[in-house]
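We will go stop by stop, selecting a few residues at a time.

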Amino acid sequence: TAGSESFYFGYAVHNYHMAVYGCILGGMEKIAIEVANKLNELLNESLFIENPDLSTYLEAYAALDVHVLVRFGRWKEILELPLPKYPLLMLFRTASLHYARGLALANTGNTEKAAEEANLLDKYRLNSCAELRILHNNNVADLLAVDAPMLRGEIAYHRGNHDEAFSFLRRAV
């Protein structure tokens, strides 16, 4: 009943998730990133290499730090985050990083590179493994299906194509 293979480990991960999003919604950036980073000490590539079955329902929680940085517009920090060594093992984190990198690049004026990141996001979101992964009660493929038009909308907006941008953004929501 103890350790990462325990049923209760999933509850602990969920509690970190709720703490991070509570902090995000409350505007508590510093605490949100601290909690997300602590969670990433538990949910790292080594854990999923040793316990690949855990990736189905726990790997998506390893992207919470990315979402904190997006929420608070930390573009420089996003661009400094390393990509996983095993992108399919860390599928949601990989896709989330491409989403975040695309947003960061679009918001700092590099829409060409942002479009490359959007294409990489599509590569991972369309991978069949995304259909098998969950984040709590959400299918990872469905979550990434929101991110893709959101990112395309941001890119279009920063290129000055506002009608196209709002069409993508409406599709995202």
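**Stop 1: a pair in α8**

Select Asp-122 and Arg-125, which both sit in helix α8, three residues apart, or about one turn of the helix. This is a predicted model. Show the two side chains. Asp-122 and Arg-125 form a salt bridge, with their closest N and O atoms 2.8 Å apart. Asp-122 is buried, with a relative accessible area of 16%. Arg-125 is partly exposed, at 23%. Salt bridges that share partners join Asp-122, Arg-125 and Arg-152 into one network.

**Stop 2**

Next, select Arg-101 and Glu-117. Their side chains meet in a salt bridge of 3.0 Å, N to O. This pair links distant parts of the chain: Arg-101 is in helix α7, Glu-117 is in helix α8, and they are 16 residues apart. Are these two buried or exposed? Arg-101 is buried, with a relative accessible area of 19%. Glu-117 also counts as buried, at 8%.

**Stop 3: a pair in α2**

Move to Lys-30 and Glu-34. A salt bridge joins their side chains (3.3 Å, N to O). Both residues lie in helix α2, four residues apart, about one turn of the helix. Lys-30 is exposed, with a relative accessible area of 61%. Glu-34 is partly exposed, at 38%. The count of salt bridges comes to nine.

**Stop 4: a charge without a partner**

Select Asp-147 in helix α10, which covers residues 140–158. Asp-147 is buried yet has no salt bridge. Which side chain of opposite charge is nearest to Asp-147? It is Arg-125, 8.8 Å away. A salt bridge needs the nitrogen and oxygen within 4 Å. Now show what Asp-147 touches: Tyr-99 and Leu-121, not counting residues up to four places away in sequence.

**Stop 5: the nonpolar core**

In soluble globular proteins, nonpolar side chains tend to be buried together. Here the largest nonpolar core has 50 residues. Select Leu-43, Phe-48 and Leu-58, the residues with the most contacts inside this core. Then colour α1, α2, α3, α5, α7, α8 and α10, which each supply at least two residues of the core. The largest share, ten residues, comes from α7. Zoom in on Phe-48. Leaving aside its neighbours within four places in sequence, Phe-48 is in contact with Leu-43, Leu-54, Ser-55, Leu-58, Glu-59, Leu-89 and Met-90.

**Stop 6**

Go to helix α11, residues 162–172, and select its buried residues: Ala-165, Phe-168, Leu-169 and Ala-172. Look down the helix axis. The buried residues fall within an arc of 95 degrees, so they line one face of α11. They pack against α10. Turn to the face away from this buried side. There you find the exposed residues Asp-163, Arg-170 and Arg-171.

**Stop 7: the whole protein**

Clear the selection and zoom out. The protein has eleven helices and two strands. Trace the chain from the N terminus: the elements run α-α-α-α-α-α-α-α-α-β-β-α-α. The C-alpha atoms fill a box of roughly 55 × 35 × 25 Å, taken along the principal axes. With 173 residues, a compact globule would have a radius of gyration near 16 Å; the protein has 16 Å, which agrees. Buried residues make up 46% of the 173 residues. Among contacts between residues at least 6 apart in sequence, 63% join residues at least 24 apart.

Conventions: Residues numbered from 1 in each chain as written. Predicted model: local features only at pLDDT ≥ 70, side-chain atom pairs only at ≥ 80, totals over all residues. Heavy atoms only, no water. Buried < 20%, exposed > 50% of the residue type's maximum accessible area, 1.4 Å probe, protein only. Lys, Arg positive; Asp, Glu negative; His and termini not counted. Contact = heavy atoms within 4.5 Å. Core = buried A, V, L, I, M, F, W, Y, C linked by side-chain atoms within 4.5 Å. Arc of directions from axis to C-beta. Rg over C-alpha atoms; globule rule 2.2 N^0.38 Å.
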